[in-house]
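Visitor: I would like to learn how to read a structure like this one. Could we go through it feature by feature?

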Amino acid sequence: MLLKVENAKAYYKLEKVSVKAVDGVSFEIFEDEVVGVVGESGSGKTTLSNLVSMNILKPLTLVEGKILLKINGEFKEISSMSREEVKKKLWGKEVTIVPQSAMNALMPTIRMAKYVEHLAHSHDLAEEKLLAKAEKRFEEVGLDPLWLKRYPFELSGGMKQRAVIAIATILNPKLLIVDEPTSALDVVNQRVFLKVLMQLKRMGIVRSIIFITHDIATVRQIADRMIVMYAGKIVEISSMEEILRKPLHPYTRGLLNSVLTPEPEIRKRGISVIPGAPPNLISPPHGCRFHPRCPHVMDICKEKDPPLEEVEEGRRVACFLYSEERR
Ligand SMILES: Nc1ncnc2c1ncn2[C@@H]1O[C@H](COP(=O)(O)OP(=O)(O)OP(=O)(O)O)[C@@H](O)[C@H]1O
Ligand SMILES: [Mg+2]
């Protein structure tokens, strides 16, 4: 195991209210795996990624729970580290996050190499050595090392995204988190990018990957397991194979049904869209947060919050349809 998240709650604490963006999630990431995190817009995916990488800036606050990361063979509670410690000891080496729309956030007037120099400074490393590493990594992701001397606007979208991933992985982070990395790419570049990710993992440059997306059709091509989020909670965790074969949570079913896929198995079930919209996270519905939209809603769902329980080995669902409690 590489990472363990225990009952983490992270709220955006605003002046009068709190947005319960991640509200009591528990899961683990094993070594040498790719985990997809999926869910509709606003379900808390980006907040979760910031939490896991301890990138917690006001108004975001970790109000409860623990995050443990294996560092040098031992689990360390990273959720109690100071921001300074996180920057020095974690980022780049243990865990790296490529934020949503990172490639569009590159400063047009700053050459790619400058980012490598920044990285060298923040980790007290020799610039030249790191630049040499960057050149090698550029080649590994299929980019000419000369591109390091170029400005972001000179690179195409697909190249920019590969440049971002090359720089993000220079220090061989054990856990790589990518947030919607393919959303801005066309299908061809998406495929190239997925290949690059898998190659980084195969070469041992990164150990495990958390791939955040609302696009199941993309993530299913590379993920071993899938975490499904709804309104700040995890509703289902499963191996990719099982979840595609037989989604259990009504939300997962709806989500998968609404995805147009070449897989006859899934297509057979037809395309359906879940009626309604996700709740606001300032005052989410009582009980199961999905109950107002759920086609299988029962009385208990309106009163109690279903716990995420193991229903088969390696498979957890938060739904009273599968829980002992409703009996
Ligand atoms: N800085 C902030 N202040 C207040 N609320 C925020 C802030 N950032 C996010 N939120 C809220 O937290 C909830 C979760 O947002 P988050 O960005 O984690 O969702 P997401 O699943 O990544 O969505 P998307 O698919 O659109 O990227 C949403 O209700 C969002 O409005
Ligand atoms: Mg997001």
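Visitor: In which loop does Glu180 lie?

Guide: This is a predicted model. Glu180 lies in the loop between strand S7 (175–179) and H6.

Visitor: What is the phi of Glu180?

Guide: Most residues other than glycine have a negative phi. Glu180 is not a glycine, yet has a positive phi of about 50 degrees.

Visitor: Where is Asn72, and what is its phi?

Guide: Asn72 is in the loop between S4 and strand S5 (74–77). Asn72 is not a glycine either, and its phi is positive, about 50 degrees.

Visitor: Which peptide bond is cis?

Guide: Most peptide bonds are trans. Here the bond from Lys58 to Pro59 is cis, with omega near 5 degrees. Pro59 is placed in the loop between H1 and strand S4 (60–71).

Visitor: How many residues of H1 are buried?

Guide: In H1, 7 of the 8 residues are buried, so this helix is largely enclosed by the rest of the structure. Among the buried ones are Lys45, Thr47 and Leu48. Just after H1, Met54 takes a positive phi of about 55 degrees.

Visitor: How many residues surround ligand 1, and which are the closest?

Guide: There are 15 residues around ligand 1, and the closest are Tyr12, Ser41, Lys45, Thr46 and Thr47. H1 gives the largest share of this shell, 3 residues. Strand S2 (18–29) and helix H1 (45–52) each supply at least two residues. Sorted by class, the shell has 5 nonpolar, 9 polar and 1 charged residues.

Visitor: At what angle do the axes of helix H5 and helix H6 cross?

Guide: The axes of H5 (residues 157–168) and H6 (residues 187–202) come within 10 Å and cross at roughly 15 degrees. Angles under 35 degrees count as roughly parallel, and therefore H5 is roughly parallel to H6. The crossing of H5 past H6 is right-handed.

Visitor: Which residues make the contact?

Guide: On H5 they are Gly157, Gly158, Gln161, Arg162 and Ile165, and on H6 they are Asn189, Val192, Phe193 and Val196. By class, this contact of H5 with H6 has 4 nonpolar, 4 polar and 1 charged residues.

Conventions: Residues are numbered from 1 along each chain as its sequence is written. Chains are lettered from A and ligands numbered from 1 in the order in which they are written. This is a predicted model: local features need pLDDT of at least 70, side-chain atom pairs count only at pLDDT 80 or more; totals for chains, interfaces and linings use all residues. A residue is near a molecule or strand if its C-beta atom, placed from the backbone, lies within 6 Å of it. Helices (H or I, at least four residues) and strands (E, at least two) are DSSP runs, numbered from the N terminus. Ala, Val, Leu, Ile, Met, Phe, Trp, Tyr, Cys and Pro count as nonpolar, Asp, Glu, Lys and Arg as charged, and the others, Gly among them, as polar. Axes are lines fitted to C-alpha atoms, for helices over the stretch in contact, and angles run from 0 to 180 degrees between N-to-C directions. Angles under 35 degrees count as roughly parallel, over 145 as roughly antiparallel, 65 to 115 as roughly perpendicular and the rest as oblique. A crossing is left-handed if the near helix is turned anticlockwise from the far one by less than a right angle, and right-handed if clockwise. Two residues are in contact if their C-beta atoms, placed from the backbone, lie within 7 Å. A residue is buried if 20 or more other C-beta atoms lie within 10 Å of its own, exposed if 12 or fewer, and partly exposed in between; C-beta atoms are placed from the backbone.
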